[in-house]
Every structure is written in structure tokens, then in C-alpha cells.
Amino acid sequence: MALVDIQVPDIGDFDEVAVIELLVKVGDTVKAEQSLITVESDKASMEIPSSGAGVVKELLVKLGDKVKQGVVIARLENDAAPAEKPAAPAAPAAAPAKAPESQSAPAAAAESGPVTVLVPDIGDFKDVAVIEVLVKVGDTVKLEQSLVTVESDKASMEIPSNVAGVVKEITVKLGDKINIGDPIAVVQASGGTAPAAAAPSAPAAASAKTESPSAPSAPASVASTPAAAPAAAHDPSAPPRAGLPHASPSVRKFARELGVPLDEVKGSGGKGRITAEDVQAFTRAVMSGASQTRAATAKGGAGSAADGGAALGLIPWPKVDFSKFGPIERKDMSRIKKISGANLHRNWVMIPHVTNHDDADITDLEAFRVSTNKENEKSGVKVTMLAFLIKACVAALRKFPEFNASIDGDQLVYKQYYHIGFAADTPNGLMVPVIKDADKKGIMQISQEMGELAKKARDGKLSPGEMSGASFTISSLGGIGGRYFTPIINAPEVAILGVCRSTMEPVWDGKAFAPRLMLPLSLSWDHRVIDGAAAARFNVYLGQILGDFRRVLL
């Protein structure tokens with residue numbers, strides 16, 4: 001038995017190309033010239049073959065690694081002694097030879113005028129197929145901009161232009177077979193041509209760093225690109241396709257920049273090839289909520305919107321043509337509503353909610369609040385009942401720490417901080433700013449911060465940091481009305497307090513009925529963490545604090 005190291009052969013002008021696919025695993029038996037890995041540069045992808053046969057004993061690279069000529073990628077075990085390495089190992093793209101003078105002459109000779117762009121030296125490939133035409137007549141192209149994509153059995157690559165100018169003629173079409181020296185386009189040169197020696201360089205030459213027009217470099221281009229075709233239907237439950245997605249290197253690079261899982265995109269090109277437009281259509285579908293990636297579907301869990309509740313054994317969601325019954329108007333849901341809706345759905349399905357209802361006597365506290373605002377009228381800070389509720393909740397959370405906890409696997413995380421979120425109604429939907437370290441702040445400071453955060457929420461200027469980290473949330477409908485409701489817990493928190501508008505009611509004091517201002521409380525809690533007795537004690541204690549706010553000091 002002998003161990004043979006398989007190295008990256010001469011792959012042309014590539015330097016440190018990325019490993020994007022492992023085609024074998026330890027224990028596999030491979031033949032000579034069988035592909036082991038796929039690598040990719042900005043302009044081409046290619047498979048690296050084995051220079052010998054045997055059993056894979058060790059893979060020395062992993063996805064994302066950068067490799068270059070001479071790097072050992074695998075170690076094989078075979079029965080015979082390793083054969084002497086050939087002078088030039090077979091590779092998907094051999095080192096580009098210096099171009100014939102006839103190829104460089106037209107570009108070098110003409111400062112301006114029509115220039116025929118020829119296929120440069122693309123290694124050991126013959127009769128490669130044109131699978132994508134990246135420009136059209138009338139387009140203005142830059143030096144080294146890709147014109148067509150070709151593909152062999154082992155690699156796809158883009159052929160760049162060796163001259164800048166306007167495309168006057170495309171001399172190839174989809175499906176044509178081309179070889180070195182074949183004309184692919186005629187460009188009316190604008191004076192910028194590649195140097196004679198570099199003009200016909202391999203498709204992924206070191207100088208060819210200009211991105212293809214088919215692969216915009218920023219996600220913003222997706223939004224600005226008009227829909228050329230409807231988004232291909234996407235099935236997130238479909239298994240990933242085997243092998244490398246059928247797409248050009250520039251399209252794969254475009255998908256990586258947008259974070260698009262290319263194996264979930266349905267190609268509209270020839271033989272199911274994925275185009276840049278397919279990637280854009282997929283992105284638009286996901287952003288609009290019309291589709292989901294497999295990862296998003298998995299995170300959504302059973303009963304997600306994508307499966308219509310099928311995973312829970314529910315009958316399908318009804319599909320109704322509402323226009324049959326009368327006039328209708330359709331409006332897209334706001335981004336905030338779509339995001340919060342998905343979170344609320346998950347929380348309601350996955351958390352066993354129980355809600356306790358109670359009333360708190362805030363007669364004296366409301367009188368104190370009113371007098372405080374009169375005394376501090378010139379400060380510009382208006383104290384609301386919600387500020388007192390936040391301080392009261394901090395005191396209750398200290399006494400009942402399980403309400404300030406979160407589930408993490410089989411453990412409970414008890415937080416030593418008191419960050420209180422409060423639901424803010426905005427024109428775009430519900431948002432939850434967070435008062436950080438509420439235990440260390442006074443009523444006036446909390447009121448001021450609440451005012452500032454609520455304004456930011458209405459203006460759509462809240463930062464992610466201002467909406468994260470809450471350990472307990474209060475949802476107040478006091479400014480609107482109502483009596484009781486069941487607020488949905490904001491995971492990963494384990495409880496939420498809902499409050500409605502206070503009303504003056506007759507309350508028996510042991511001798512007579514007296515008018516008292518009563519505040520309805522609705523406490524929803526996670527029954528996995530909290531039991532009914534603890535929830536009742538929490539509500540009672542919270543009511544006692546609101547009835548006599550001096551208890552906060554105890």
C-alpha cells in the first residue's frame with residue numbers, strides 16, 4: 001500500500017481560489033482524473049481532478065479554503081507505487097499560453113474602430129458550448145468585461161472583452177461550439193484596448209477583476225431592477241439538488257453577495273440554468289413574503305405560514321376569491337407587520353400561554369402623578385402612568401425572579417438586569433422600544449426616555465439596539481380603552497403585562513362604597529416556567545405597589 005498526495009495542478013493565472021464544493025469524502029474510491037473538489041474565482045469555476053486512483057484516506061481542505069498550485073488537497077491509498085507525476089497534470093484550465101500574434105494584432109493596431117474579439121487561450125478545452133450571452137448589440141462594454149459564458153464537462157467560464165467600446169455585432173449564439181481564436185463579437189473601440197500580451201488572457205486572469213454586468217455588486221440593485229419575468233415557483237420543502245447549481249460564476253458570486261441559497265433557485269435559462277434575473281426574482285419573492293427559504297421555513301417550525309399549518313395536521317388555509325362578493329382593495333402588509341406577525345405566530349403556537357386578570361387601585365398614585373406634572377410643568381417632561389408601571393414591575397421582578405428569566409434548552413437563565421420593553425403603536429405597526437437598566441433610573445428619567453423612544457418609533461428611526469435586550473414587556477392600551485385582553489409573550493421572555501384604561505368604580509371599603517380609580521391588569525405567562533400560584537402572587541404584589549408606591553422603596 002502506498003499513500004499518494006494529490007496536489008492542485010497548474011490552473012492558469014488563478015491564485016488562491018476558493019473551494020466551493022467537496023465532491024468526495026474519506027473512504028471513497030476514486031479513479032484517475034476523477035474530480036475531487038470544485039474551486040471558483042471571480043470569473044470561472046473548475047473541478048480539480050485526481051492525478052491517481054485509490055481510496056481517499058484524508059481530505060486536507062474544507063469548504064471556503066483558499067488553494068493554489070501545489071497545495072495538497074487529498075491523500076490517497078493505492079496498491080501500486082505512485083506513478084511519476086506528468087509534467088503538466090490534466091486540469092480544467094491549463095496555464096494560458098501566450099496568445100498568437102494574430103489575436104493581439106487587431107486590438108493593438110487600432111486606437112479606435114471596429115475590433116473583432118477572439119476567444120483567448122482557455123487551456124485544454126475544445127468545442128466548448130456557449131451557454132450564456134452576457135451583452136447585446138448596442139451595449140457599451142468596459143475592458144475585461146465578460147461577453148459570453150462557455151461551459152465544458154468540467155468547468156464554466158466567462159470570456160472577457162480585450163477592448164472597451166460599443167458592441168456592434170455578436171457573432172455567436174447560445175449553443176454554438178467555439179475554440180481558441182474564434183470570433184465572438186465585433187466592438188467599435190473607444191480607444192481603450194488591452195495590452196497585446198494581456199488581451200487574450202484566460203477568462204479569470206488576475207487583471208480581470210471588473211465584475212460582470214450580469215452580476216450586480218450590491219443588494220440595492222435588486223430593488224432597482226424591474227422584474228423581467230415572474231418569480232419561479234419555489235418549494236422550500238424540496239430537497240437540495242445534488243452537485244453544483246447550474247449557473248455561471250458571476251451569478252453564483254451575485255447570489256453569495258445577497259445571501260441567496262442558489263440550490264433553492266429555479267433556473268429559467270437553457271437546461272434549467274440559473275440567471276441573474278432568477279436570483280433577483282427569488283430575492284424579491286422572499287422579501288415580499290411570497291416565498292421562504294428552507295432555512296426560514298425550518299426556523300418557523302411546525303405550522304409556519306409556508307405550509308399553511310399542514311405540519312400541525314390542520315386543514316389547508318381557505319383560498320377565497322373575495323372579489324366575487326363585492327369590491328375589494330389589496331394592499332401590501334408593511335415590513336414591520338410581516339416581521340412581527342411571524343414572531344407573534346411562533347410565540348403563540350410554541351408558548352403555553354395563561355393569562356391572569358386583576359385590578360389595581362391607582363387612585364392615590366394618579367393624584368400624585370397629576371401633582372408631579374403640575375410641579376414640573378416647566379421641565380417639559382410629562383410623567384405618564386406607564387413610567388410608574390415600569391418601576392412597579394421592576395420591584396415585582398426582583399421579588400419573583402422567575403418572571404425575569406428565559407428558557408435556554410433545559411436550563412433557565414435568570415437575568416440580573418431589568419430592561420423593560422413597552423409596546424409603541426406606530427403608523428407602520430407595533431414596535432417595542434426598551435428602557436435599559438430601569439432599576440437604576442428614576443421616574444422622571446424613565447418618562448423622558450420613553451418620550452424620546454416613542455417619537456423615534458413613530459418616525460421609524462429606532463435602531464436595533466433600542467429594540468433588543470428586554471427581559472419583560474408592558475403592552476398598554478390605556479390611551480385607547482378596553483377592559484382586559486390576552487397579550488402574547490415576546491419570546492424569549494416568559495411573561496408580559498397588559499394594561500387597559502383605568503375607570504372610576506365603586507369599591508367597598510368595609511363600611512361603604514367609595515369611588516376608586518381602578519387599573520385593569522392582564523398578565524400572560526409561560527406555563528413551562530411559571531405556575532398559577534406564582535402568577536397570582538405577582539399580580540397581587542404589583543397591585544399593592546401601585547396602591548401604595550412607597551413599597552417600591554422596601
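**Figure 1. Buried residues of helix α4 in the predicted model.** Helix α4 buries A276, D278, V279, Q280, A281, F282, T283 and A285; the model shown here and in the following views is a predicted one.

**Figure 2. Packing of helix α3 on helix α4.** Helix α3 is formed by residues 249–258, and its axis comes within 9 Å of that of α4, with a crossing angle of roughly 20°. Because of this angle, α3 is roughly parallel to α4. The crossing of the two helices is right-handed. From α3, the residues V251, F254, A255 and L258 meet A276, V279, Q280 and T283 of α4. By residue class, this contact between α3 and α4 has six nonpolar members, two polar and no charged. The spacing of such positions can be read against helix geometry: with 3.6 residues a turn in an α-helix, residues three or four places apart point the same way. On the α4 side, A276, V279, Q280 and T283 also belong to the buried residues of that helix.

Figure 3. Helix α8 runs from residue 385 to residue 399. Its 15 residues reach 21 Å from the first C-alpha to the last, close to the expected 21 Å at 1.5 Å a residue. Of these 15 residues, 13 are buried, so α8 is largely enclosed by the rest of the structure.

**Figure 4. Crossing of helices α8 and α10.** The axes of α8 and α10, the latter comprising residues 532–547, come within 9 Å and cross at roughly 135°. This angle is why α8 is described as oblique to α10. As to its hand, the crossing of α8 and α10 is right-handed. On α8, the contact is made by L389, A392, C393, A395, A396, L397 and K399, and on α10 by F538, Y541, L542, I545 and L546. Eleven residues of this contact are nonpolar, none is polar and one is charged.

**Figure 5. Surroundings of helix α10.** Helix α10 has 16 residues and extends 23 Å from its first C-alpha to its last, close to the 22 Å expected at 1.5 Å a residue. Its buried residues are A534, A535, F538, N539, Y541, L542, G543, I545 and L546. These buried residues pack against helices α7 (363–375) and α8, and against strands β17 (353–361), β24 (472–476), β25 (495–499) and β27 (513–526). F538, Y541, L542, I545 and L546, which are among the buried residues of α10, also take part in the contact with α8.

Figure 6. I37 lies in strand β4, which spans residues 35–40. Its relative accessibility is 1%, and I37 therefore counts as buried. Neighbours within four places in sequence being left aside, I37 is in contact with V19, E21, L22, L23, M46, E47, I48, V61 and I73.

Figure 7. Most residues other than glycine have a negative phi. E33, although not a glycine, has a positive phi of about 75°. This residue is found in the loop between β3 (29–30) and β4. With a relative accessibility of 38%, E33 counts as partly exposed. E144 likewise is a residue other than glycine with a positive phi, near 75°. It lies in the loop between β11 (140–141) and β12 (146–151). E144 counts as buried because its relative accessibility is 6%, below the cut-off of 20%.

**Figure 8. Cis peptide bond between A491 and P492.** Most peptide bonds are trans. The bond that joins A491 and P492 is cis, with omega about 10°. P492 is found in the loop between β24 and β25. Both of these strands are among the elements against which the buried residues of α10 pack.

**Figure 9. Overall context of the close-up views.** The protein has ten helices and 27 strands. Of its 554 residues, 42% count as buried. Among contacts between residues at least 6 apart in sequence, 65% join residues at least 24 apart.

How values were computed. Residues numbered from 1 in each chain as written. Predicted model: local features only at pLDDT ≥ 70, side-chain atom pairs only at ≥ 80, totals over all residues. Heavy atoms only, no water. Axes fitted to C-alpha atoms, helices over the stretch in contact; angles between N-to-C directions. Helix = DSSP H or I, 4+ residues; strand = E, 2+ residues; numbered from the N terminus. Parallel < 35°, antiparallel > 145°, perpendicular 65-115°, else oblique. Left-handed = near helix turned anticlockwise from the far one by under 90°. Contact = heavy atoms within 4.5 Å. Nonpolar A, V, L, I, M, F, W, Y, C, P; charged D, E, K, R; others polar. Buried < 20%, exposed > 50% of the residue type's maximum accessible area, 1.4 Å probe, protein only. Expected span 1.5 Å × (residues − 1).
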